[in-house]
Amino acid sequence: MMLKQLNKKELKIYRNLNSENYGEDLSLQVAEKLTKASARNGLYFAHRDYCGLGIFYQENTYVLGTVYDGYGIKDPIITFNSKEAFVTWLASENDKNMALYGEKFNNQTITKSRINWFLDPNYSPVWNDYCMYLKAQSH
């Protein structure tokens, strides 16, 4: 999605999103956890219908793509054949940039909060578990 495609309301939301890059340390942790997971596991939401964006490691490739019904990548958006390339890319991304990836603006996109949840030992792709994680973080 291109910035020029956003309407006034979306532009206002976009301007208020976090523009701090995720950084190399966080990105390296994501890459390492992804390589330890099975091909079906990754950073994604698991619920009915459109689940937003997910990041997976499948067949020696890091993949950012659209997820439906919690069943992994339906449509790849970008792929990386090396850990170094993936980490470099993710390290330079932020919530503002990620809001423009995929089919729908800022709808279940990758965020720093989701990355931190993925790295949590209690991570689960279930939406309700993520909501409970966010609630616990706000206290």
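**View 1. Thr-111 sits in the loop between α4 and α5.** With a relative accessible area of 17%, Thr-111 is buried (under 20% relative accessible area; exposed is over 50% and partly exposed is in between, with a 1.4 Å probe and protein chains only). Set aside the neighbours within four places in sequence, and Thr-111 is in contact (heavy atoms within 4.5 Å) with Tyr-22, Asp-95 and Tyr-130. This is a predicted model, where local features need pLDDT of at least 70, side-chain atom pairs count only at pLDDT 80 or more, and totals for chains, interfaces and linings use all residues. Residues are numbered from 1 along each chain as its sequence is written, and side-chain values use heavy atoms, with hydrogens and water left out.

**View 2. Gln-108 is in the loop between α4 (95–98) and α5 (112–119).** Helices here are DSSP runs of H or I with at least four residues, strands are E runs of at least two, and both are numbered from the N terminus. Gln-108 counts as buried, at 17% relative accessibility. A polar atom of the Gln-108 side chain lies 3.3 Å from the backbone oxygen of Tyr-50. Not counting residues up to four places away in sequence, Gln-108 touches Phe-45, His-47, Tyr-50, Cys-51, Gly-52, Leu-53, Arg-114 and Trp-127.

**View 3. Helix α2 (residues 24–36) crosses helix α3 (residues 83–91) at roughly 135°, their axes coming within 8 Å.** That makes α2 oblique to α3 (under 35 degrees is roughly parallel, over 145 roughly antiparallel, 65 to 115 roughly perpendicular, and the rest oblique). Axes are lines fitted to C-alpha atoms, for helices over the stretch in contact, with angles running from 0 to 180 degrees between N-to-C directions. From the α2 side, Glu-24, Ser-27, Leu-28, Val-30, Ala-31, Glu-32 and Leu-34 meet Lys-83, Phe-86, Val-87, Leu-90 and Ala-91 of α3. Sorted by class, this contact has 8 nonpolar, 1 polar and 3 charged residues (Ala, Val, Leu, Ile, Met, Phe, Trp, Tyr, Cys and Pro count as nonpolar, Asp, Glu, Lys and Arg as charged, and the others, Gly among them, as polar).

**View 4. The buried residues of α3 are Phe-86, Val-87, Trp-89, Leu-90 and Ala-91.** They pack against α2, β2 (50–58), β3 (61–68), β4 (73–80), α4 and α5.

**View 5. Glu-24 belongs to helix α2.** At 58% relative accessibility, Glu-24 counts as exposed. Leaving out neighbours within four places in sequence, Glu-24 is in contact with Val-87 and Ala-91. As for Arg-48, 24 residues apart from Glu-24 along the chain, the two C-alpha atoms are separated by 33 Å.

Technical notes:
A polar contact is a pair of N or O atoms within 3.5 Å; within protein, one must be able to donate a hydrogen and the other to accept it, and residues adjacent in sequence count only if both atoms are side-chain atoms.
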